[in-house]
There are 2 protein chains.
Amino acid sequence: MILNTFEGCSSGSWKIEHLRPVTGESLPKAACLNILPGHNAGNSPGFVWSLRGVTSYVRYVHRDEREQLTPLQPPLGRPEATRAALIPIKKSETWWDLPQDDRRKIFEEQSRHIATGLKYLPAIARRLYQSRELGEPFDFLTWFEYAPADAAAFEDLVDALRRTKEWTYVTREIDIRLIRMPE
Amino acid sequence: MILNTFEGCSSGSWKIEHLRPVTGESLPKAACLNILPGHNAGNSPGFVWSLRGVTSYVRYVHRDEREQLTPLQPPLGRPEATRAALIPIKKSETWWDLPQDDRRKIFEEQSRHIATGLKYLPAIARRLYQSRELGEPFDFLTWFEYAPADAAAFEDLVDALRRTKEWTYVTREIDIRLIRMPE
C-alpha cells in the first residue's frame with residue numbers, strides 16, 4: 001500500500017497545464033503539482049491545496065479480467081511518459097448505498113469500465129488511489145501517465161468513460177493535466 | 001461514514017472481561033475500553049492502546065442478501081445488549097491480492113459468512129469498521145452487541161466463522177469481550 005499526498009503549489013515536479021472542473025466545485029488554481037510520500041500537509045513551496053489517497057485492493061476486477069490487464073499494464077515513470085493526469089472523483093451516496101453486485105454490474109457489464117481501459121494499454125499507465133476512507137473530499141484519485149503521442153488516445157478514454165452509466169453517479173470530478181518538469 | 005477510535009484504558013464505558021489473541025500477536029492488557037468519535041489518540045484515562053476504523057460501503061453483500069439482512073438487523077445501543085465484543089482482524093497479502101470474484105467466492109459461496117451471520121439476527125447487532133486504508137495494524141474491527149442471554153449464540157457464531165476457508169487467510173485476530181459499565 002502506498003499513501004501519497006498530491007499538493008497544488010507554486011513549484012514542483014509536474015507543471016499544471018490546466019485544471020478544469022468537469023462536475024461540481026473546482027479546486028483553486030495552482031502552477032505545479034508535487035507528489036509527496038505519506039501524510040503531508042502544506043510542505044511544498046507556495047502550497048495551495050492537498051489531496052491524499054492510498055493504493056488498495058481491487059474492488060471490481062475479476063480474475064479473467066486481471067489476467068488480461070496485468071501483462072499489458074505499464075509501470076509508472078516511463079521516461080517517454082511526460083504527460084500525466086490527476087482526476088479526483090466523488091460519487092453520490094446513492095452509488096455507495098448500492099450492494100456490491102449492483103455496483104459491479106453498472107461498473108462493468110453496463111459501463112465497460114475495465115474493457116474500455118484495456119483498449120488503451122500499454123499506452124496509458126494508471127494508478128488508483130482510494131480516498132473515501134481517509135475522510136478526503138474525493139472518493140478516488142486516479143493518476144495516469146502517457147507519452148505526448150498518446151494524448152489524443154487519452155482524451156478518447158476519458159470521453160468514453162464520461163459517457164457511461166457509471167458516470168451518472170459522479171457528483172464531483174476535476175481534470176488536472178500535467179507536464180513533467182525537467183529534472 | 002463514522003470514524004471511531006477504540007481505546008484500551010483504565011476506566012471507560014466498557015469493562016474488558018477478557019482480551020485473548022486468537023491468531024498472532026496480542027494487544028497489551030487494559031481494564032476498560034472507551035469509544036471516542038473521530039481520530040483520537042490517547043485521550044482516555046490510563047490510556048494503553050488505540051485502534052481506529054471507519055464505516056464504509058459493503059464489499060461482498062449482494063442485493064438479495066441485503067434484502068434478507070436489513071429487516072432483521074438490530075440497532076446498536078439496545079438497553080438489554082450489555083455484552084459486546086470487539087474483534088480486530090488482519091488478513092494476509094494473499095487474500096488482498098485475490099481478484100474481487102475470488103474473494104467473494106471464498107467469503108460467501110465457500111465460507112457462508114453472510115448466511116451464517118443471518119442465522120444470529122436479530123440477537124447479535126454488528127458494525128464493521130474498515131481500518132486497512134487508515135494504515136492501522138488491523139484490516140477491520142468488528143463490533144458486536146448482544147444480551148447476556150445470547151452469549152452462547154455469539155460463541156457459536158464466532159466458532160462457525162473461525163472454522164471457514166475465509167479464516168485461513170486471517171493472520172492476526174484478537175477477541176476482546178466487554179461488559180457495559182453502568183451509566
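Predicted model: local features only at pLDDT ≥ 70, side-chain atom pairs only at ≥ 80, totals over all residues.
Visitor: How do you know that the two copies are related as by a two-fold rotation axis?

Guide: Chain A can be laid on chain B by a turn of 180° with a shift of 0.0 Å along the axis, and the RMSD is 0.0 Å. The copies are thus related as by a two-fold rotation axis. Both copies use the same surface, since 100% of the contact residues of chain A recur in chain B.

Visitor: What makes up the contact between chain A and chain B?

Guide: On each side there are 23 residues: 23 of chain A are in contact with 23 of chain B. About 2200 Å² of area is buried between the chains, and carbon and sulfur atoms give 53% of that. There are 4 salt bridges between chain A and chain B, and 16 residue pairs are in polar contact. Helix 1, helix 2 and helix 3 of chain A each give two or more residues to the side that touches chain B. Helix 3 of chain A gives the most, with 4 residues. By kind, the residues on that side of chain A are 10 nonpolar, 4 polar and 9 charged.

Visitor: Why is the pair Asp102(B) and Arg63(A) called a salt bridge?

Guide: The cut-off is 4 Å between a side-chain nitrogen of Lys or Arg and a carboxyl oxygen of Asp or Glu. For Asp102(B) and Arg63(A) the N to O distance is 2.5 Å, so the pair meets the definition. Asp102(B) lies in helix 3 of chain B and Arg63(A) in helix 1 of chain A, so the pair joins two chains. Arg63(B) likewise forms a salt bridge with Asp102(A), with the closest N and O atoms 2.5 Å apart.

Visitor: Why is Asp102(B) called buried, and what is Arg63(A) called?

Guide: Buried means under 20% relative accessible area, and exposed means over 50%. Asp102(B) has 12% and therefore counts as buried. Arg63(A) has 36%, so it is partly exposed.

Visitor: What makes Arg112(B) and Glu108(B) a salt bridge?

Guide: Their closest N and O atoms are 3.9 Å apart, and the limit is 4 Å, so the pair counts. Arg112(B) is partly exposed at 43%, whereas Glu108(B) is buried at 3%.

Visitor: How do you know that helix 3 of chain A is largely enclosed by the rest of the structure?

Guide: Of its 11 residues (100–110), 8 are buried, so the helix is largely enclosed. Among the buried ones are Asp102(A), Ile106(A) and Phe107(A). What covers them includes helix 1, helix 2 and helix 4 of chain A, together with helix 1 and helix 3 of chain B. Helix 3 of chain A is followed by Arg112(A), whose phi is positive, near 55°.

Visitor: Why is Lys91(B) called buried, and what does its side chain meet?

Guide: Lys91(B) has a relative accessible area of 4%; the cut-off is 20%, so the residue is buried. It lies in strand 5 (residues 83–91) of chain B. The side chain of Lys91(B) makes a polar contact with that of Glu166(B) at 2.6 Å. Beyond its neighbours within four places in sequence, Lys91(B) is in contact with residues including Trp96(B), Phe140(B) and Tyr169(B).

Definitions and conventions
Residues numbered from 1 in each chain as written. Chains lettered and ligands numbered in written order. Heavy atoms only, no water. Least-squares fit on C-alpha atoms with pLDDT ≥ 70 in both. Contact = heavy atoms within 4.5 Å. Buried < 20%, exposed > 50% of the residue type's maximum accessible area, 1.4 Å probe, protein only. Polar contact = N/O pair within 3.5 Å; in protein donor to acceptor, adjacent residues only side chain to side chain. Buried area = accessible area lost by both parts, 1.4 Å probe. Nonpolar A, V, L, I, M, F, W, Y, C, P; charged D, E, K, R; others polar.
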